[in-house]
Amino acid sequence: MNPFSLEGRRALVTGANTGIGQAIAVSLAAQGARVTCVGRRDCYETVALIEKAGGKAESLLLDLANPMAGQGVFAGEGYSILVNNAGIIRRDDSLSFTEADWDAVMDVNLKAVFFTIQAFAEAALEQDNTPAAVVNIASLLSFQGGIRVPSYTAAKHGVAGITKILANEWAAKGINVNAIAPGYIATNNTAALRADPVRNKAILDRIPAGRWGASEDIGGTAAFLCSPAARYIHGAVLNVDGGWLAR
Ligand code: NAP
């Protein structure tokens with residue numbers, strides 16, 4: 001058996017209409033998973049990409065600004081893979097940072113992640129002897145402080161923390177819980193940084209690989225972490241950063 005195969009698995013990926021989430025959905029489908037592509041907007045482009053490549057996918061509208069939006073999605077549906085990718089960022093100095101920008105980021109990037117996993121695990125644990133995997137998309141700011149993004153940094157440190165506590169709780173029950181910490185990846189999320197010549201150069205100068213990451217770099221890692229090849233990996237926060245943290 002191919003240890004990287006996801007044949008027969010059903011997966012749900014949040015924020016799958018664009019960027020890293022889209023690449024993850026495409027990678028899981030390429031390994032044989034049937035993928036539910038979740039967005040607050042329709043994920044028709046991702047579904048079309050997957051179907052064109054011969055895979056299976058569907059779109060589901062969920063707005064994770066309501067952190068409980070995932071309740072009722074998993075029960076009885078046969079999901080064994082969840083990727084929590086949806087995320088937002090708000091930039092301001094800490095002295096002027098607003099409660100609204102704190103709450104918005106914490107709700108989508110941390111509270112929704114925890115409660116979506118809770119709903120997924122409740123259903124997955126009902127499916128006796130079926131291995132299951134959760135992959136959370138963390139960040140370099142799960143380890144570092146960052147600049148002008150206090151709620152994002154707090155939420156991503158929290159994502160690393162819940163990845164570990166849930167791995168402790170469920171490793172013996174057949175659920176692998178892990179996270180990926182992407183480095184600087186060229187997506188909408190980083191458009192402002194790439195457009196700023198000073199920040200862009202400073203970032204590139206520090207990346208040993210000498211380039212921005214591509215969403216596909218994260219897609220392949222996620223597919224691996226969901227596969228039987230990764231069955232002894234629990235509670236890891238895996239850096240996929242072109243060497244940034246090794247520097
Ligand atoms: P992106 O292109 O902005 O994509 C973010 C995704 O999250 C989009 O699909 C977005 O949907 C979705 N989303 C946002 N709010 C949502 C909500 N309330 N309900 C449902 N979906 C929602 O950014 P990205 O770079 O691909 O980011 C994906 C993940 O990687 C995020 O968790 C981000 O923090 C993390 N990350 C990115 C980088 C990087 O360098 N790009 C580095 C480290 C970590 P809309 O299109 O409707 O907004």
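The structure is a predicted model, in which local features need pLDDT of at least 70 and side-chain atom pairs count only at pLDDT 80 or more, while totals for chains, interfaces and linings use all residues. Residues are numbered from 1 along each chain as its sequence is written, and side-chain values use heavy atoms, with hydrogens and water left out. The protein chain has an average pLDDT (the predictor's confidence in each residue, from 0 to 100) of 97, and 100% of the residues score at least 70. Confidence is lowest in helix α5 (residues 191-195), with a mean of 92, and highest in strand β4 (residues 81-84), at 99. Helices (H or I, at least four residues) and strands (E, at least two) are DSSP runs numbered from the N terminus.

The shell around the ligand holds 29 residues, of which Asn17, Arg40, Arg41, Tyr152 and Thr187 come nearest; a residue is counted if one of its heavy atoms lies within 4 Å of the ligand. These residues divide into 13 nonpolar, 12 polar and 4 charged, where Asp, Glu, Lys and Arg count as charged and Gly is among the polar residues.

Taken alone, the ligand exposes 890 Å², of which the protein buries 94%; accessible areas come from the Shrake-Rupley method with a 1.4 Å probe.
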